Amino acid sequence: ATKGKDKKEKDSGNGSKDMGSSPAMAGLELKIQELSLLGGKVVYKDIPQEVLWTISGIDANAQQFNLKGFFPVSLSLRAANIGGPRKLDAALSLAGQADLSGALAGKIAMDLEKLSLNAAGLDTRLSGKIRLNPDFFEFSDIKGEFAGGLLSGGLKVRDYAKAPDANLEVNLTKLDLAKLLAANAATLPEGAGEKTAAAPKSPAPAPAAKAPASAAPPMKARGSVKIASLEHPGAQAANAALSWDLKGITPDLAKLSGWAKLRVGEGRFSGLGAMSEQSRLLKVVLLPFTVLGKITSLGGIKLLPDLSAVTFSEIVGDYAFQNGVMTLKESRLESPAARVAAAGTVDLPRETLALVIHATVAKVAPLTIEVGGTFAEPKPRLRLDKLLTQPAGKILRAPQQIIKAGDLLKGLFKKKK
């Protein structure tokens, strides 16, 4: 076995450090605590993050190897403990053509005929072209299978070693959201979900401590994802599209700025509360509807029927971000029988809410609901002054009309089977 600890670094003269690396590694700082080869396994551990990877089952093959052009290559391996806390396992295999003629200048090219990856139970099979130089990474002409659907698109990342600037364009025929959410949960540290559920009640927790100097720099990202069919045990939807242009992307989201837009065609939701707990993004998008599910009556008068199942004709979201605060420029759900819209702000790092939800359901009086509190414990407050104004006051004084109006909600709300 060979081990290297705290390898001596040389100052590059521009404030960053390197270890005598090639141009492809310029600006990329590696602090290796342990790198060993023992019993056919490669073990890697870095100092800043204490990430420990174990790579085994390596099978690499290069035919007609040369440094003048493309030659056939294949590789398969298994990796354990990826990311550390959850001991995530993955299996990778690839086959195609490689060009290392520019390797000394940090340039590598690969034409992948097959790239297979199984990580956290999610299977991915892709083909495409990879181009890499010291300042730019591109994965183009991507085609294959991902999360239950056929995928096509491309990825470009500029300045990947210092301040990544990514552009992603993806089209999917179908997305199995349950598989994707399960894979995302597997990458989280143990107990992360429980911590979110037990968030402090205080709406203004102390600011997060400054990130250590070794933390990754903020990212930029822009792009779009279009999904023809989205499926989940608790949801179905057609023609979903998400686009974004963001900067200041860090794990705590404190510097996040930019915009994002969401549009979803007709579909249905059921079990909204359980589904929203699987993702912070889903929780924010679905929050207006999960809050409405908590307010179904007032003073014994039925205002809304059970919201355990919702059908819709369209969902639209237009979000602006500034230093971690998301402003809902537009957030609405449309159906033949109702309209739900939300406005306000969401502090993503602190996970606090300042929203106003407006709901018009058939002939029931329009409802206005203010929502404060946190992601974990939203605090809705029904605006009675809005409810009791004309013509809402007349409807409130005739409860039988409200109850009868429930017959008009069949297009929006269906009882759970």
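Which residue in S20 stands opposite serine 270? Alanine 309 does.

## The model and its confidence

This is a predicted model, in which local features need pLDDT of at least 70 and side-chain atom pairs count only at pLDDT 80 or more, while totals for chains, interfaces and linings use all residues. Residues are numbered from 1 along each chain as its sequence is written, and side-chain values use heavy atoms, with hydrogens and water left out.

The term pLDDT is the predictor's confidence in each residue, from 0 to 100. The protein has a mean pLDDT of 74, and 63% of its residues reach 70 or more. Confidence is highest in S12, at 97, and lowest in helix H7 (residues 399-405), at a mean of 36. Helices (H or I, at least four residues) and strands (E, at least two) are DSSP runs, numbered from the N terminus.

Two stretches have pLDDT under 50. Over residues 193-214 the model has 14 contacts beyond four places in sequence, and over residues 392-417 it has 47 such contacts. Contact means heavy atoms within 4.5 Å.

## Strands S17 and S20

Strand S17 (residues 267-270) runs antiparallel to S20, and 4 bridges join them. Two strands pair if DSSP finds at least two bridges between them. Strand S20 (residues 309-312) is covered on both faces: Ala309 and Thr311 are buried on one side, and Val310 and Phe312 are buried on the other. Buried means under 20% relative accessible area, exposed means over 50%, and partly exposed lies in between (1.4 Å probe, protein chains only).

## Aromatic pairs and a charge over a ring

There are 2 aromatic pairs in the structure. The rings of phenylalanine 65 and phenylalanine 71 have centres 4.9 Å apart and planes at 70°, so this pair is edge-to-face. Rings of Phe, Tyr and Trp (its six-membered ring) pair if their centres lie within 6.5 Å; planes under 30 degrees apart count as stacked, over 60 as edge-to-face and the rest as tilted. Phenylalanine 65 is exposed, at 51% relative accessibility, whereas phenylalanine 71 is buried, at 2%.

The rings of phenylalanine 269 and phenylalanine 312 have centres 5.1 Å apart and planes at 40°, so this pair is tilted. Phenylalanine 269 is in strand S17 and phenylalanine 312 is in strand S20, so the pair ties together parts that are 43 residues apart in sequence. Phenylalanine 269 is buried, with a relative accessible area of 12%, and phenylalanine 312 is buried too, with 4%.

Another ring has a charge over it: the charged end of lysine 261 sits over the ring of tryptophan 259, 5.6 Å from its centre. The rule here is that NZ of Lys or CZ of Arg is within 6 Å of the ring centre and within 35 degrees of the ring normal.

## The nonpolar core

The largest nonpolar core has 63 residues, of which Phe321, Met326, Val346 and Leu348 touch the most other members. Helix H4 (residues 280-292) gives the most to this core, with 6 residues. A nonpolar core is a set of buried Ala, Val, Leu, Ile, Met, Phe, Trp, Tyr and Cys residues joined through side-chain atoms within 4.5 Å.

Leaving aside residues up to four places away in sequence, methionine 326 touches Val284, Tyr319, Ala320, Phe321, Gly344, Thr345, Val346 and Leu348.

## Strands S7, S8 and S9

Strand S8 (residues 108-119) pairs with strand S7 (residues 88-99) in the antiparallel sense over 10 bridges. In this pairing, alanine 95 has lysine 114 of S8 as its bridge partner. S8 also pairs in the antiparallel sense with strand S9 (residues 122-133), over 10 bridges, and methionine 110 has isoleucine 130 of S9 as its bridge partner. S8 and S9 form a hairpin with 2 residues between them, and alanine 120 in the turn has a positive phi of about 55°.

Lysine 129 belongs to strand S9 and is partly exposed, with a relative accessible area of 36%. Beyond four places in sequence, lysine 129 touches Met110, Asp111, Glu138, Phe139, Ser140 and Asp141. Its C-alpha atom is separated by 7.3 Å from that of isoleucine 142, 13 residues apart along the chain.

## Positive phi values

Aspartate 159 has a phi near 50°, a positive value in a residue other than glycine. Aspartate 159 is in the loop between strand S11 (149-158) and strand S12 (165-172), and is partly exposed at 30% relative accessibility.

Asparagine 239 has a positive phi as well, near 55°. Asparagine 239 lies in strand S15 (residues 235-249) and is exposed, with a relative accessible area of 57%.
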